[in-house]
Amino acid sequence: MIGARTLLIPIAAALALLSADPARSGAPLEHLLLPIPGGRFTMGDADGEANEAPHSAVVRPFRMMRHEVTNGLFRAFVVASGYVTDAERSGSGYLWDGRWGRVEGADWRHPFGPRSGIAGADDHPVVQVSARDAARFCAWFGLRLPGEAEWEFAARGTDGRRYPWGNAPPEREGTRRANFGTVACCAPDASDGYLRTAPVGSFPSGASPFGLWDMAGNVWEWTASAFPGRPEEVVLRGGGWGNNPYCLRTSYRHGNPPHIALDMVGFRCAADAE
Ligand SMILES: [Ca+2]
């Protein structure tokens, strides 16, 4: 498990670099990227949704962040850039409580409503960020959001596994592999130690074949891809703290409009291969 000490170094490095040169982009997050070799693999799951029909896909070599973008990293970006998120502009974000509800005053600094906060949660994934916010963060650092084929390849590799760690569902007892919700759809559950978000990298035994953390659970992750047949929606992957194991499968996709922000949705950035 990585903790605050491990994360303090990259966050401090990012802050130092950004404060030294606010116009700088690219370099500060390079050290958080892991190489993904690319290759041919089968996307989808014959036992999943209709939109998961298995098919062959090819991914070029690329790089992807080992962990989800944290509150600490997002704050560094906001301090340096002055960026204002979609939820701050609109004055509201969506909260999950077995169903989605729009709540005034929910934004990335108040992820679970106006009376919530992120004190002490610098190493938790940022939420209440829209797909547009996520793309702007990545671009600031010279990075980009992953396409959904890249995301799925990074999560499962080439052997067709259902979850990043293999085919076994995430355990409730013994080795914990992900932060997720109730086994029966779909409420938050603290049996894995976390009712909502967990510090990134809290479940190293759930790492993907390429060493990426939290590709299942913790928060959904925005991609750069439109939902098949629903071009007005952006694909999210990975499931989150309020989902059951079915939604944590590497091939499961969800779609949302690009301008809304939710308390179970974050992101990580990717980049082309060096
Ligand atoms: Ca949980």
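**Backbone exceptions**

Tutor: Start with N218, which counts as buried because it has 34 C-beta neighbours inside 10 Å. Buried here means that 20 or more other C-beta atoms, placed from the backbone, lie within 10 Å of the residue's own; 12 or fewer means exposed, and values in between mean partly exposed. This is a predicted model, in which local features need pLDDT of at least 70 and side-chain atom pairs count only at pLDDT 80 or more, while totals for chains, interfaces and linings use all residues. Residues are numbered from 1 along each chain as its sequence is written.

Student: What is the phi of N218?

Tutor: Most residues other than glycine have a negative phi, and most peptide bonds are trans. N218 has a positive phi, near 70°. N218 sits in the loop between α5 and β7. Helices (H or I, at least four residues) and strands (E, at least two) are DSSP runs, numbered from the N terminus.

Student: Is D214 buried or exposed?

Tutor: D214 is buried, because 30 C-beta neighbours fall inside 10 Å. D214 also lies in the loop between α5 and β7, and its phi is positive, about 60°, although D214 is not a glycine.

Student: Which peptide bond is cis?

Tutor: The bond from C185 to C186 is cis, with omega near 0°. C186 is placed in the loop between α5 (148-156) and β7 (220-227).

Student: What follows α2?

Tutor: G82 follows α2, and the phi of G82 is positive, near 75°. Helix α2 itself spans residues 71-81, and its buried residues are N71, G72, L73, F74, A76, F77 and A80.
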